Amino acid sequence: MAEVVLDTVSKFFGNTTAVDGVSLTVADGEFMVLVGPSGCGKSTTLRMIAGLESTSGGTIRIGERDVTRLQPKDRNVAMVFQNYALYAHKNVYDNLGFGLKVRGTPKPEIDERVQRAAKMLGIDNLLHRKPKQLSGGQMQRVALGRALVREPDVFLLDEPLSNLDAKMRVHMREEIGKLHAATGKSMIYVTHDQIEAMTLGDRIAVMKDGTVQQLGRPLEIYDRPVNTFVANFIGSPEMNLVEGELANGASRPTVSYQGAVLALPEGQHHRQAADNQVVLGIRPEHLAISEAAAGTIPVKVILTEQMGAQTLLACQTEKGGSLSALMSRNDTTRPGDIIHLSTEPGHIHLFDPRSGTNLFADPTAPGEGQP
Amino acid sequence: MRQEFDVPLINRIALYAAMALAVAYSFFPIYWMLISSVRDPQVLYNSVDLLPGPYSIESYTTLLAATDFTIWFANSVQVALGTVVVTLILAVLISYAVTRLQIRGKTTIIGTMLYAYMFPPLLLAIPLYAIFVRLGLADTHMALIISHTTITLPLGVWLLWGFFKQLPPDVEEAAMVDGCSRLGAFFRVVLPLSLPGITTVAIFSFLLSWTDYTFALVMIDSDHKKTLPAGLETMVGQYELRDGELMAGSALIALPLLILFIFLNRYFIHGLAAGAVKR
Ligand SMILES: Nc1ncnc2c1ncn2[C@@H]1O[C@H](COP(=O)(O)OP(=O)(O)OP(=O)(O)O)[C@@H](O)[C@H]1O
Ligand SMILES: [Mg+2]
């Protein structure tokens with residue numbers, strides 16, 4: 001049993017605040033993904049959990065132990081590094097067995113565990129190679145194997161797939177998912193790739209400027225982003241964020257965007273914004289082409305991107321606002337066409353134009369949302 | 001391979017001829033030393049043949065029998081190995097500390113160390129000797145080891161610094177997460193990965209110490225404490241000038257260097273650490 005608890009953990013490098021009071025509980029066996037743009041403090045957070053970086057404030061607990069001041073070797077965690085960090089002077093077998101050997105595990109047991117991990121990862125035929133005789137994908141497997149052999153309380157992975165090509169990345173992503181299922185151990189996984197985050201994570205912590213913006217299950221975050229940053233970061237292509245104005249229609253609340261009046265969901269209370277000015281968010285996949293009617297947005301198609309199964313339309317409103325719409329394959333719409341876009345009330349997000357926070361009453365707040 | 005075809009034959013011949021000439025020019029004295037050392041001393045002065053003969057190892061036997069050559073040889077080995085050990089320990093510690101720890105102005109510190117090379121050895125030797133006299137170290141091998149280290153250390157630190165810099169810190173961190181202390185990671189991962197660099201420093205420290213004449217001359221007075229180059233020099237004065245034995249002595253000094261050079265070829269500074277890390 002090893003849950004990982006971060007309690008208001010901070011890290012300062014001189015004047016730089018890399019991590020700013022992060023509190024996070026990773027349940028035993030949970031796959032937690034830390035995601036965010038470059039420099040948001042993901043790696044630093046992970047390295048503090050590993051003990052490779054000291055904390056400037058706060059405490060870290062693994063299971064029942066307060067590990068805040070412990071050496072990396074005493075924390076019983078395993079880490080997979082972005083550039084693999086294999087021991088170049090040792091062959092694959094010794095790379096895998098190193099952690100056990102250092103801890104004085106008897107040879108037969110080392111052998112058994114190395115062989116088992118190597119089989120699991122399909123590298124049992126490479127055991128006598130040196131790291132420089134391996135491909136990137138193979139090195140990645142060895143790095144994973146080295147962590148696996150240790151049977152640690154927690155696995156820490158820092159962008160383990162970012163050096164692989166696109167195809168290999170998808171493949172290894174699945175493998176890591178399977179490994180997590182097979183070991184049942186807690187994993188904390190750092191990435192800046194929101195697709196990795198969505199597909200792998202039991203829960204995701206979206207970070208920015210050293211703070212956790214939102215913590216929750218992937219679809220929770222997708223459906224109810226707490227602010228414009230999260231809304232923009234999670235989901236691809238990015239959410240359309242445009243200026244709108246709130247109004248109270250005859251029967252239900254509405255929001256107008258450049259003359260188009262869009263209905264808001266009934267019965268959902270949203271906080272009031274100053275001057276009724278809001279940021280209106282609609283995901284591209286939630287815009288569809290429809291007949292000209294009230295509640296639709298007339299736009300001109302600027303560009304069509306064919307992605308095979310789907311088509312992405314880059315559009316422009318009369319007043320110059322841009323919107324993108326994602327739909328299943330569409331061969332008929334051409335650049336220059338005038339079309340009407342519609343959406344459903346439930347797919348509209350409203351944000352405060354100044355703070356960027358979600359105006360609907362119950363977006364998942366940071367810290368909520370247990371697995 | 002492909003390129004060789006592009007070079008006209010005549011150019012290639014010229015190139016090889018020039019190379020052969022250069023090689024002959026550099027190696028002729030060594031060749032002359034070798035053949036003279038195995039030539040019968042009787043004919044040493046009347047034969048100017050490029051080929052040796054009549055052969056005789058008399059020069060070697062007289063050298064070993066009549067002089068303190070074996071003692072000097074042992075002294076040289078002792079001093080050179082001492083220099084290697086002291087240089088390695090200090091250079092590894094200093095350069096590792098400078099690489100991994102946050103030290104203000106570390107580039108300046110190392111740069112300053114290299115200024116030692118701007119002075120001719122004799123300029124360093126005389127004040128050093130004065131210091132050793134004060135410390136009671138004059139005329140000891142320790143004095144010689146320390147003075148050789150003043151020359152080998154800056155270069156050693158410089159070389160290993162470059163080496164440690166290009167070792168990715170991740171590898172050490174991986175070892176620390178895997179169960180090593182910082183020191184353990186250093187011994188189990190950093191040192192083995194730096195072996196080519198360490199070997200190079202060891203070899204050139206040995207060379208510098210083995211061939212040093214200036215410091216040996218200044219620091220050591222007693223004949224039985226002399227190292228080979230200085231010892232051989234006393235031979236010239238003590239006995240009447242004997243070319244055969246001198247050549248034999250020089251050949252024996254060169255022998256360990258030759259062996260070292262063969263090893264030197266096998267170690268390249270780069271290579272081992274590359275490939276561990278995907279860049
Ligand atoms: N050793 C260090 N010294 C000084 N500043 C540092 C150090 N390590 C990280 N930082 C700073 O801390 C902040 C967070 O860095 P961190 O490496 O955690 O970001 P990250 O989220 O992992 O980014 P990336 O996706 O680019 O890896 C950055 O502003 C970075 O410049
Ligand atoms: Mg990072």
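Which residues lie nearest the centre of the largest pocket, and how many residues line it?

1. Basis of the comments. This is a predicted model, in which local features need pLDDT of at least 70 and side-chain atom pairs count only at pLDDT 80 or more, while totals for chains, interfaces and linings use all residues. Residues are numbered from 1 along each chain as its sequence is written, chains are lettered from A and ligands numbered from 1 in the order in which they are written, and side-chain values use heavy atoms, with hydrogens and water left out.

2. The largest pocket. The lining comprises 24 residues, and those nearest the centre are R47(A), L52(A), E53(A), E173(B) and R182(B). A pocket here is an open set of points on a 1 Å grid over the protein atoms alone, where a 1.4 Å probe fits, with protein on both sides within 12 Å along at least five of seven lines; lining residues have an atom within 4 Å of a point. The space in the largest pocket is about 480 Å³, a volume being the space filled by probe spheres set on the points, which are joined across faces, edges and corners.

3. Make-up of that lining. Of the elements, α8(B) contributes the most, with 4 residues. Helices are DSSP runs (H or I, at least four residues), numbered from the N terminus. By class the lining has 8 nonpolar, 7 polar and 9 charged residues; Ala, Val, Leu, Ile, Met, Phe, Trp, Tyr, Cys and Pro count as nonpolar, Asp, Glu, Lys and Arg as charged, and the others, Gly among them, as polar.

4. The second largest pocket. Its volume is about 240 Å³. Among its 14 lining residues, D223(A), R224(A), Q268(A), G346(A) and H349(A) lie nearest the centre. Domain 1 (4-228) and domain 2 (239-351) of chain A each supply at least three residues to this lining, the bounds coming from an automatic or database domain assignment.

5. Contact between the chains. Chain B brings 23 residues to the contact and chain A brings 28, contact meaning heavy atoms within 4.5 Å. Between them the chains bury about 2,300 Å², with 61% from carbon and sulfur atoms; buried area is the accessible area (1.4 Å probe) that two parts lose on being put together, summed over both. There are 2 salt bridges between chain B and chain A. D178(B) and R150(A) form a salt bridge, their closest N and O atoms being 3.1 Å apart; the rule asks for a side-chain nitrogen of Lys or Arg within 4 Å of a carboxyl oxygen of Asp or Glu.

6. Domains of chain A. The C-alpha centres of domain 1 and domain 2 of chain A are 39 Å apart. The two domains bury about 510 Å², 64% of it on carbon and sulfur atoms. On the domain 1 side, Y222(A), P225(A) and T228(A) lose the most area, together 85% of what that side buries. The count between these domains is 0 salt bridges.

7. Domains of chain B. The assignment gives domain 1 (2-37) and domain 2 (67-275). Here 5 residues of domain 1 of chain B touch 6 residues of domain 2 of chain B. The buried area is about 390 Å², 87% of it from carbon and sulfur atoms. M33(B), S36(B) and S37(B) lose the most area in domain 1 of chain B, together 86% of what that side buries.

Key. Helices (H or I, at least four residues) and strands (E, at least two) are DSSP runs, numbered from the N terminus.
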